[in-house]
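Open the model in your viewer and keep the selection tool at hand. Each stop below says what to select and what is there.

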Amino acid sequence: MSDSALKPKTVVKPKTERPKLHKVILVNDDYTPRGFVVTILQGEFRLSEDQANRVMITAHQKGSCVVSVFPRDVAETKAARATDAGRAKGYPLMFTTEPEE
Ligand code: TYC
């Protein structure tokens, strides 16, 4: 038997698709104190004080701001925990998630 009869004719390269990252988005409101927003951004998302202030001010001025990106389950858990922390204080603070393009 010739060598070529044993060789596969096509080489199948398995495609390993990277799971999409999801954005966590901070949404502005008129009631949550700025300092509280900054504290949540530092505690839940590990932002520095400077980064947290920039994200808070951007959401305040533009209506929303991307905080960070994570695998889907991490993004959803962090957004829920951060939103719940606001609700526990009676604030309408809101974090949402959406898949990155
Ligand atoms: N707009 C709020 C205020 O003036 C502060 C704030 C900023 C609230 C960003 C939510 O996502 C937010 N007290």
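**Before you start**

This is a predicted model, in which local features need pLDDT of at least 70 and side-chain atom pairs count only at pLDDT 80 or more, while totals for chains, interfaces and linings use all residues. Residues are numbered from 1 along each chain as its sequence is written, and side-chain values use heavy atoms, with hydrogens and water left out.

**Stop 1: helix 2**

Select residues 34-45, which form helix 2. Helices (H or I, at least four residues) and strands (E, at least two) are DSSP runs, numbered from the N terminus.

Now colour the buried residues of helix 2: Phe-36, Val-37, Val-38, Ile-40, Leu-41, Glu-44 and Phe-45. Buried means under 20% relative accessible area, exposed over 50%, and partly exposed in between (1.4 Å probe, protein chains only). To see what covers these residues, show strand 1 (21-27), helix 3 (49-62), strand 2 (64-71), helix 4 (72-88) and strand 3 (94-99), which are included in the cover.

**Stop 2**

Select Val-38, which lies in helix 2. Val-38 has a relative accessible area of 8%, so it is buried. Apart from neighbours within four places in sequence, Val-38 is in contact with Ala-52, Asn-53 and Met-56. Contact means heavy atoms within 4.5 Å.

Is Phe-36 buried or exposed? Phe-36 is buried, because its relative accessible area is 16%. Not counting residues up to four places away in sequence, Phe-36 touches Ala-85, Gly-86, Lys-89, Tyr-91 and Leu-93. One of these can be checked with the distance tool: Phe-36 and Leu-93 are 57 residues apart along the chain, with 9.5 Å between their C-alpha atoms.

**Stop 2: helix 2 against helix 4**

Show helix 2 and helix 4 together. Their axes are 10 Å apart and the helices pack at an angle of about 145°. Axes are lines fitted to C-alpha atoms, for helices over the stretch in contact, and angles run from 0 to 180 degrees between N-to-C directions. The crossing of these two helices is right-handed. A crossing is left-handed if the near helix is turned anticlockwise from the far one by less than a right angle, and right-handed if clockwise.

Which residues meet here? From helix 2 come Phe-36, Ile-40, Glu-44 and Phe-45, and from helix 4 come Lys-78, Ala-79, Arg-81, Ala-82, Ala-85 and Gly-86. The residues of this contact divide into six nonpolar, one polar and three charged. Ala, Val, Leu, Ile, Met, Phe, Trp, Tyr, Cys and Pro count as nonpolar, Asp, Glu, Lys and Arg as charged, and the others, Gly among them, as polar.

**Stop 3: the end of helix 2**

Select Arg-46, in the loop between helix 2 and helix 3. Arg-46 has a positive phi of about 55° although it is not a glycine. With a relative accessible area of 66%, Arg-46 is exposed.

**Stop 4: aromatic rings**

Select Phe-45, Phe-70 and Phe-95, which ring pairs link into a cluster. Rings of Phe, Tyr and Trp (its six-membered ring) pair if their centres lie within 6.5 Å; planes under 30 degrees apart count as stacked, over 60 as edge-to-face and the rest as tilted. The whole structure holds three aromatic pairs.

Stay with Phe-70, which lies in strand 2. Its relative accessibility is 15%, so Phe-70 counts as buried. Beyond neighbours within four places in sequence, Phe-70 is in contact with Leu-21, His-22, Val-24, Phe-45, Ala-75 and Lys-78.

**Stop 6**

Select His-22 in strand 1. His-22 counts as buried, at 10% relative accessibility. Among its contacts outside four places in sequence are Ser-68, Val-69, Phe-70 and Glu-98.

Finish at Thr-96 in strand 3. Thr-96 is partly exposed, because its relative accessible area is 29%. Leaving aside neighbours within four places in sequence, Thr-96 is in contact with Lys-23, Val-24, Ile-25, Val-27 and Ala-79.

Technical notes. The expected span of a helix is 1.5 Å times one less than its number of residues.
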